[in-house]
Amino acid sequence: QVQLVESGGGLVQAGGSLRLSCAASGRPFNSYAMGWFRQAPGKEREFVSAIRWSGDRIRYADSVKGRFTIVRDKAKNTVYLQMNSLKPEDTGVYFCAAGRTWDSQIYDYWGQGTQVTVSS
C-alpha cells in the first residue's frame, strides 16, 4: 500500500513557476509509475507527466513539454513536478498517483490533490 500527499499548489501569475511535491509513504518499487494528473473545472482529469520510480522512464503530455519537469528523490520518497512558464490553462487540481507497473499506465493509488491557479 502506498499513500500519497501532494503539496506546493497555489496562486501564481501567468509566466510564473511552482513546484509540486508528492510524498509517498511506504516504499515504491522500481517498477512503479509515479504520475501527475490534473483536472480543470468542468473537464475530465488528464495526464500531465509520469516517471518510473527507477528514474529511467519519463513521459510528458504534449501540452507541458518543455515547461514542466518531473523528478523523483528516492531518499525522500518524493516526486516533484517543476512547472515553469505557467499559463492560465494550467489551472486545475493536480493529483499525484502511483501505479504498480510502468507498462500498464494504470494508477492504483491517488493523493487528495492540490489546487494550482494561474491568473492572466
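Me: Are Cys22 and Cys96 buried or exposed?
Reply: Both Cys22 and Cys96 are buried in this predicted model. The word buried is used because the relative accessible area falls under 20%.

Me: What makes the link of Cys22 and Cys96 a disulfide?
Reply: The S to S distance is 2.0 Å. The cut-off is 2.5 Å between cysteine sulfur atoms, so the pair qualifies. By this rule the count comes to 1 disulfide.

Me: Which parts of the chain does the pair link?
Reply: Distant ones: Cys22 lies in strand β3 and Cys96 in strand β9 (residues 92–99), 74 residues apart.

Me: What is the handedness of the Cys22 and Cys96 link?
Reply: Left-handed, with -75 degrees about the S-S bond.

Me: How do you know that β3 and β8 pair?
Reply: Strand β3 (residues 18–25) and strand β8 (residues 78–83) share 6 bridges, in the antiparallel sense. Two bridges are enough, so β3 and β8 count as paired. Ala23 stands opposite Thr78 in β8.

Me: Which strands form the open sheet, and in what order?
Reply: There are 4 strands, ordered β1-β3-β8-β7, with antiparallel pairing.

Me: Why are β1 and β7 called edge strands?
Reply: β1 (3–7) and β7 (68–73) each pair on one side only. Neighbouring strands of this sheet are turned by 15 degrees against each other on average, direction ignored.

Me: Why is Ser120 called exposed?
Reply: Its relative accessible area is 87%. Exposed means over 50%, so the term applies. Ser120 sits in the segment after β11 (114–119).

Technical notes
Residues are numbered from 1 along each chain as its sequence is written. This is a predicted model: local features need pLDDT of at least 70, side-chain atom pairs count only at pLDDT 80 or more; totals for chains, interfaces and linings use all residues. Side-chain values use heavy atoms; hydrogens and water are left out. Axes are lines fitted to C-alpha atoms, for helices over the stretch in contact, and angles run from 0 to 180 degrees between N-to-C directions. Buried means under 20% relative accessible area, exposed over 50%, partly exposed in between (1.4 Å probe, protein chains only).
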